[in-house]
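Let's walk through a model together, the way two colleagues would at a screen. Could you show me how to read it?

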Amino acid sequence: MKKLATFLLATTILALFIIGCSKPSTPEQVQGLGKEEAAQIAAAAVRQYYHVSVDTADREITLEDPAKLIDAATGEPIYKGVPVHALLRGEPKSGDISGYHAIIEPKTKQLLSLSIDVIGKDGEKATKTIAEAELEKAAADFVRSQNLLATANFQLIRTSEPTDNDLKRYFYYSDGHNAIAIGVDTALKQVVTFTYD
């Protein structure tokens, strides 16, 4: 009996060690939203908003559980929906979408946020010579062309502060009912992310 107890204890310790050393996996489903369904919603949004066709077959898809992503200061979840990420498995080339990221409301399947990672020529970086007005125009044109706010009478509320190493600048708009943040890649001069507030 003592040998059996020792054997069971040793086996349990070994199993816990193996489980602890294994690579953590991303969940297949979070709050009723499946990994493949979330990736397809995000890919369709990339096609709709950025007019770029992306596939899920050559990408590593991950979901995050918003219940586990808690703001330390408030104790509240950081995201209102489920984050999904689709990263290219191979080496991206210039102009490729190396990754796309979305936050999806799991019950309604509504897109709350979308961003893409675009590879520039030779990894080009943002420069200080890009005019603020040009970046803001790209953001405002995107809001208008995609009908992201209810009325065409939206207002620029604020912008992110420029810094030397900024790859994105953010422009915050409101139509009085809804608010949205638009991220513009400073090197490509194109919108690469938007998030409803």
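Q: Before we start, what are the ground rules here?
A: It's a predicted model, so to speak of local features we need pLDDT of at least 70, side-chain atom pairs count only at pLDDT 80 or more, and totals for chains, interfaces and linings use all residues. Residues are numbered from 1 along each chain as its sequence is written, and side-chain values use heavy atoms, with hydrogens and water left out.

Q: How many helices and strands does the protein have, and in what order?
A: Helices (H or I, at least four residues) and strands (E, at least two) are DSSP runs, numbered from the N terminus. Here there are 3 helices and 10 strands, and the order is α-β-β-α-β-β-β-β-α-β-β-β-β.

Q: Where is confidence lowest, and where is it highest?
A: Look at pLDDT, the predictor's confidence in each residue, from 0 to 100. Where pLDDT is low, the predicted coordinates should not be read in detail. The protein averages 78, and 80% of the residues score at least 70. Helix α1 (residues 2–21) is lowest, with a mean of 39, while strand β3 (residues 59–63) is highest at 92.

Q: Which stretches stay under 50?
A: Residues 1–24 do, and the model gives them 0 contacts beyond four places in sequence; contact means heavy atoms within 4.5 Å. Residues 123–130 also stay under 50, but there the model has 13 such contacts.

Q: How much of the protein is buried?
A: Buried means under 20% relative accessible area, exposed over 50%, and partly exposed in between (1.4 Å probe, protein chains only). Of the 197 residues, 36% count as buried. As for contacts with a separation of 6 or more, 51% are between residues 24 or more positions apart.

Q: How do I read a helix such as α3?
A: Check its span first: the expected value is 1.5 Å times one less than its number of residues. Helix α3 (residues 132–145) has 14 residues and reaches 20 Å from first C-alpha to last, close to the 20 Å expected. Next, look at what is buried: Leu135, Ala139, Ala140, Phe142 and Val143. They sit on the same side of α3, because they cover an arc of only 155 degrees around the axis (the arc is that of the directions from the helix axis to the C-beta atoms). Their cover includes α2 (35–50), β8 (168–174), β9 (179–185) and β10 (190–196).

Q: Which strands pair with β10?
A: Two strands pair if DSSP finds at least two bridges between them. Strand β6 (residues 111–118) runs antiparallel to β10, joined by 3 bridges, and β9 is also antiparallel to β10, with 6 bridges. Thr195 is a handy landmark in β10: Ser113 is its bridge partner, and Ala181 stands opposite Thr195 too.

Q: Which residues have a positive phi, and where do they lie?
A: Most residues other than glycine have a negative phi. Lys189, in the hairpin of β9 and β10 with its 4 residues between the strands, takes a positive phi near 60 degrees. Lys109 has phi near 65 degrees, in the loop between β5 (97–104) and β6; this lysine, Lys109, is partly exposed at a relative accessible area of 29%.
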